[in-house]
Amino acid sequence: MAESTIKIPVGPQHPFLKEPCKFEFEISGEEIRGAKIRMGYNHRGMEKACEDRNYYQCLYLLERICGICSHSHTTAYIQAVESLLGLELPKRGLYLRTLVCELERLHSHLLWLGVAAHEVGFDTLFMYTWRDRELVMNILEEISGNRVNYAINTVGGVRRDITAEQRKKILDLTKVVRERVAYYANIGTNEPSFMARIQGVGKMSTERAIEKCAVGPFARASNVDRDVRRDDPYAAYGDLEFKVITSDSCDILGRVVVRVLEMVESCKMIDQLLDKLPEGEIAVQKVPRRVPAGAAVSRYEAPRGEDVHYVRSNGTDKPERVKVRAPTLCNLEAAAESVVGSYVADIPIAIASIDPCFSCTDRTTVLLNDRRRGVRMATWEELRRHGVDWYRQNKGIRF
Amino acid sequence: MKKVGLLLPEMMSHLAHKPVTRLYPFEKVTAPEGFRGTPRFKPNNCIGCKACVRDCTAEAIEIDVHKIDPPPGSPEGTKPTKKMVCTIYLDRCVHCARCVEVCPKDALYMDTEFEVANFTRDALKIVQESD
């Protein structure tokens, strides 16, 4: 007898989702047999809005793509613009930019650890990680002027320098975070109630992770050794020594371990950056407002994975096209697949294990070949024939 | 290696601590120095170049330049004066401080005020005029 399954829709509005997205899970009893994903509920039109703004306005608009990785999006965008302008950035500017990158990674991973603990019902850990995240947020607020949208990047460098006092505070912070992270690593890998919920759940094999184009800590937890910081160094990463953390457990436990150990690496990098911090200017003094015509692609290892920005300029002070590929887009399909085989109660943690950010990812959805609405996809040849016929019938013009 | 009660030492240590939650708004909280709070104008410094208007992401700044002719009876050749009417819409502002950075005459600055929420949008429209 064929196995009977039922489909349960989850979303677009659902308590486990922080942002709207629709899932359709096919279940047999308590076990998930299939998962489908449908996006497009959170389109904000930012890419189009960029075409109507100058490069500086776009910078602060794109910062607001994501509240957690705001620095990631500005850095990815600004690197593309700077390469179009052919700017050579002062070393100190690059180091400070990288410093904020790593502080952002620290707070993002602490946030994720808290969210993961919350999704499995371990709210004590959630409270402790978010309390410690506050330390990082306070430092970011002090050096940049805001907790969330740091706005520290500008075309040709950074906007603010750090003082000796702030430098000391950051060094003290890394010491505290190291201790805390060691403690969380102990809990994450030894606490039985936490382990029972994450070990062997949300399995994603190395082969499938590569086929599904997974990125970031999610892919590295499936033993895919990829990291833009090492493979294609940008900013000051070429001068730093760090390990790319991978795990071969291919489950949510692996994702916890990868993120926790990445925080240790981030602390090491922050210490190195402050030790080696060169003297000099923090930004290029005179930057032309008009950007020469051309196109550039920039890659950036955001806390959630590889972030790609494409900028095309036409010689004016406004970009002709800005395209953003947020890391969640790559990971979503893989996350939906990783749920298969788990139980219904594991859905929230399995989806949350990619650290999803739906509003960063959403773009317009165009339905093609929808006969009900009279929409269909046409080839160039069909379109041309249609045009010729339409003009002959309606305007009497013969081509 | 599974161990029970790993969180206990941390939880016990908190018995002797005060809660970390701050009782805002009953307790006053101050933002650190350099915090990008509310943008403010110094209209007398403004020369009406509108560099801030051009670069404002949120289109939150308006500057009207009024020419005032010299009063009758003024000596010949007296130039008309300019009066700047600077408006900031705080409801639109995204607090990026680009306007402060781009102003050539330091006519804008950010203070650390962050409690600007209000019940009406009109209260968030700040109009300042030069002398």
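Here is a short tour of the contact between chain A and chain B, with one stop inside chain A.

This is a predicted model, so local features need pLDDT of at least 70 and side-chain atom pairs pLDDT 80 or more, while totals for chains, interfaces and linings use all residues. Residues count from 1 along each chain as its sequence is written, chains are lettered from A in the order written, and side-chain values use heavy atoms, without hydrogens or water.

Start by selecting both sides of the interface: 33 residues from chain A and 23 residues from chain B, where contact means heavy atoms within 4.5 Å. About 2600 Å² is buried here, 47% of it from carbon and sulfur atoms; buried area is the accessible area (1.4 Å probe) that two parts lose on being put together, summed over both. Now pick A:Gln57, A:Arg159 and A:Asn190, which supply 18% of the area chain A buries against chain B, more than any other three residues.

Next, go to A:Arg289 and B:Asp55: their side chains form a salt bridge at 2.6 Å, N to O. Chain A and chain B share four salt bridges (a side-chain nitrogen of Lys or Arg within 4 Å of a carboxyl oxygen of Asp or Glu).

Last stop, A:Val155, in the loop between strand S4 (153–154) and strand S5 (157–158) of chain A; strands are DSSP runs of E, at least two residues, numbered from the N terminus. A:Val155 counts as buried because its relative accessibility is 6%, and the cut-off is under 20% (1.4 Å probe, protein chains only). Show its contacts beyond four places in sequence, including A:Tyr56, A:Ile78 and A:Val287.

Key. Helix = DSSP H or I, 4+ residues; strand = E, 2+ residues; numbered from the N terminus. Buried < 20%, exposed > 50% of the residue type's maximum accessible area, 1.4 Å probe, protein only.
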